[in-house]
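Take a guided walk through this protein chain. Keep the sequence and the 3D view side by side as you read.

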Amino acid sequence: MEKDTLNVVFFGGSITYNPGWRNDLEEYFTAQFPEKVICYHNKGIPSLGSVAHVFRYDSDVLSQVKLDILFYESVVNDRANAYPDEEQARAVESIIRRSIAVNPNMDIIMMYFADPDKLADYKKGRIPDEICLQNNIADHYGIPVIDISREVYERIQAGEFSWEKDIKDLHPSPFGQKIYSSSMKVMLDSLLLKGKYAATRKLPSPLNEKYYRHARYESVKNGKGNFKYEPRYIPDNGQPTRAGFTDVPMLVGEKPEEEFVYEFEGTTIGICYISGNDAGIIRYRIDGGKYQVKDLYTKYSDKLHVPKYVILKDDLNEGKHKIEVEIMKEKNEKSKGNACRIVHFLVN
């Protein structure tokens, strides 16, 4: 008789993507469930937070695997990407609801990893905003959370170890990775002991009726104008790239006044683009309205072609819309060019 299969998905940013705590958990599950065939799916992508995750969730996760256990994290990159609270809340709730809709018996663990900003907040006696936001969602859906950032802070205060000498970075040292995995295993032992594993649940009413219930990628091939559609675009200025964001289809403009029009159906429109050291400034408008301006250069653009996800307009009326995008002559004083390289349209 064929063994049952258990799909464990790790979904988050670079701390999820990198080896360490995740490998220890894989050994844990293999030991806990020897009767099962366990498939581990690392769906972490560096630099990405909740808004990026919700738009890639269908193509990167739901279309590929039926989840049994989901480990989710985004609070570190939500701070780094400065996503507005409303966007974070809509994104995280969508991931939770779409997961449960696919498999009501699945388990979800929400993880809050440590970084200097979180430690500074706890030192001031306040819970970080991103964690407050996700705690509210977790409480509503009865999802366990593990706040490793608080644990690290408290243990540093107790003199057990230091951030600088032991954890060293928001990408933890091997010592820090063991702290992470040990804490998670204690939590999982507790959940298994209490019989909370695989608890069937029903979806409650949403906290936010405007959560991104249909967030998805749409092809950049449908952009019309004098931007160039490149079936397999690879940046050639010598900067590092990220897997999944190079040698893939892109809609590329690199000169001022190059423009495109994209027609879509939904209540939200955004773009996923790569921002290198020549990233430009665009102006855009929806349905012939007032132009808005977006600087595509980031604080990481001088280091690599970093993938960026930005929502350009929310809360549109349901139905068909049109966005017009143009590269401006002006550019960030740190940028070497005017490039706009779009990997995906983000539509809800």
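The model is predicted.

Start with helix α2, residues 21–32, and helix α10, residues 174–193. Their axes come within 8 Å. They cross at roughly 30°. Angles under 35 degrees count as roughly parallel, so α2 is roughly parallel to α10. The crossing of α2 with α10 is right-handed.

Which residues of α2 and α10 meet? From α2 come W21, D24, L25, Y28, F29 and Q32. From α10 come Q177, K178, Y180, S181, M184, K185, L188, D189 and L192. Sorted by class, this contact of α2 with α10 holds 8 nonpolar, 3 polar and 4 charged residues.

Now turn to another pair. Helix α6 spans residues 116–123, and helix α8 spans residues 148–157. The axes of α6 and α8 come within 9 Å and cross at roughly 65°. This crossing, too, is right-handed. On the α6 side, K118, L119, Y122 and K123 make the contact. The contact of α6 with α8 divides into 5 nonpolar, 1 polar and 3 charged residues.

Next comes strand β4, residues 107–112. Is β4 mostly covered or mostly open? It is mostly covered, with 6 of its 6 residues buried. D107, I109 and M111 point one way from the strand. I108, M110 and Y112 point the other way. Both sets are buried.

β4 has strand partners. Strand β3, residues 69–73, pairs with β4 in the parallel sense over 5 bridges. Within β4, M111 stands opposite E73. Strand β5, residues 145–147, also pairs with β4 in the parallel sense, over 3 bridges. Here M110 has V145 of β5 as its bridge partner.

Finally, look at F264. This residue lies in strand β10, residues 259–265. Why does F264 count as buried? Its relative accessibility is 4%, and buried means under 20%.

What does F264 touch, leaving out residues up to four places away in sequence? The list is E218, I269, L316, G319, K320, H321, K322, I323 and V347. Look also at F345. F264 and F345 are 81 residues apart in sequence. In space, C-alpha to C-alpha, F264 and F345 are 9.3 Å apart.

Notes:
Residues numbered from 1 in each chain as written. Predicted model: local features only at pLDDT ≥ 70, side-chain atom pairs only at ≥ 80, totals over all residues. Heavy atoms only, no water. Axes fitted to C-alpha atoms, helices over the stretch in contact; angles between N-to-C directions. Helix = DSSP H or I, 4+ residues; strand = E, 2+ residues; numbered from the N terminus. Left-handed = near helix turned anticlockwise from the far one by under 90°. Contact = heavy atoms within 4.5 Å. Nonpolar A, V, L, I, M, F, W, Y, C, P; charged D, E, K, R; others polar. Parallel < 35°, antiparallel > 145°, perpendicular 65-115°, else oblique. Buried < 20%, exposed > 50% of the residue type's maximum accessible area, 1.4 Å probe, protein only. Pairing = 2+ DSSP bridges.
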